[in-house]
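Trainee: Could we go through this one together, starting with how the helices pack and then moving to the charged pairs?

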Amino acid sequence: MTALPGRTEVAGGTAELLADADRDGSWELLLDGVPQSHVDLVDPTHLEFEYVRRMGHVLDLAAEPGRPLDVVHLGGGALTLARYVAVTRPGSRQRVVELDEALTDLVRRELPLPRNA
């Protein structure tokens with residue numbers, strides 16, 4: 001994996017974004033060297049981490065495929081699930097609650113959400 005220039009101090013420790021060498025357009029968010037989130041900007045339906053795939057599966061079962069949902073995310077990380085919902089459930093209303101403002105700023109700056117998300 002290739003890192004973006006520098007590391008950023010955030011409330012949760014030292015954050016770093018690494019490009020995934022196996023998937024173009026994919027990034028991993030690390031806090032103090034520990035993987036926290038993985039996001040594929042090209043294909044937001046790709047959920048790399050097993051626990052995130054399980055949450056995505058629950059979201060898939062919450063209503064008929066494609067129907068919008070009202071979703072509150074407690075913790076944003078790299079906004080992996082928010083991106084997933086935006087693509088699989090267009091028109092969904094989402095709120096992300098992330099207490100670490102510096103982390104949110106980093107993710108928004110380096111891995112911006114599409115305008116329609």
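Mentor: Before the helix geometry, a definition: axes are lines fitted to C-alpha atoms, for helices over the stretch in contact, and angles run from 0 to 180 degrees between N-to-C directions. Helices (H or I, at least four residues) and strands (E, at least two) are DSSP runs, numbered from the N terminus. The model is predicted, so local features need pLDDT of at least 70 and side-chain atom pairs count only at pLDDT 80 or more, while totals for chains, interfaces and linings use all residues. Residues are numbered from 1 along each chain as its sequence is written, and side-chain values use heavy atoms, with hydrogens and water left out.

Trainee: OK, at what angle do α1 and α2 pack, and how far apart are their axes?

Mentor: The angle between α1 and α2 is about 35 degrees, and their axes are 11 Å apart.

Trainee: Which residues of α1 and α2 meet there?

Mentor: Taking contact as heavy atoms within 4.5 Å, Val52, Met55, Gly56, Leu59 and Asp60 in α1 meet Thr80, Leu81, Tyr84 and Val85 in α2.

Trainee: And what else do the buried residues of α2 pack against?

Mentor: Besides α1 (50-61), they pack against β5 (34-40), β6 (70-74), β7 and α3. Buried means under 20% relative accessible area, exposed over 50%, and partly exposed in between (1.4 Å probe, protein chains only). The buried residues of α2, which spans residues 80-88, are Thr80, Leu81, Ala82, Arg83, Tyr84 and Val85.

Trainee: Switching to charges, how many salt bridges are there?

Mentor: A search of the whole structure finds 5, where a salt bridge is a side-chain nitrogen of Lys or Arg within 4 Å of a carboxyl oxygen of Asp or Glu. One of them joins aspartate 40 to arginine 23, with the closest N and O atoms 2.7 Å apart. This pair links distant parts of the chain, since aspartate 40 is in strand β5 and arginine 23 is in the loop between β3 (13-19) and β4 (26-31), 17 residues apart.

Trainee: Is that aspartate 40 buried or exposed?

Mentor: Aspartate 40 counts as buried because its relative accessibility is 2%, whereas arginine 23 is partly exposed, with a relative accessible area of 26%.

Trainee: What about arginine 93, which residue does it pair with?

Mentor: Arginine 93 forms a salt bridge with aspartate 70, and the closest N and O atoms are 2.8 Å apart. That pair also links distant parts of the chain, with arginine 93 in strand β7 and aspartate 70 in strand β6. Their C-alpha atoms are 4.8 Å apart, and both residues are exposed.
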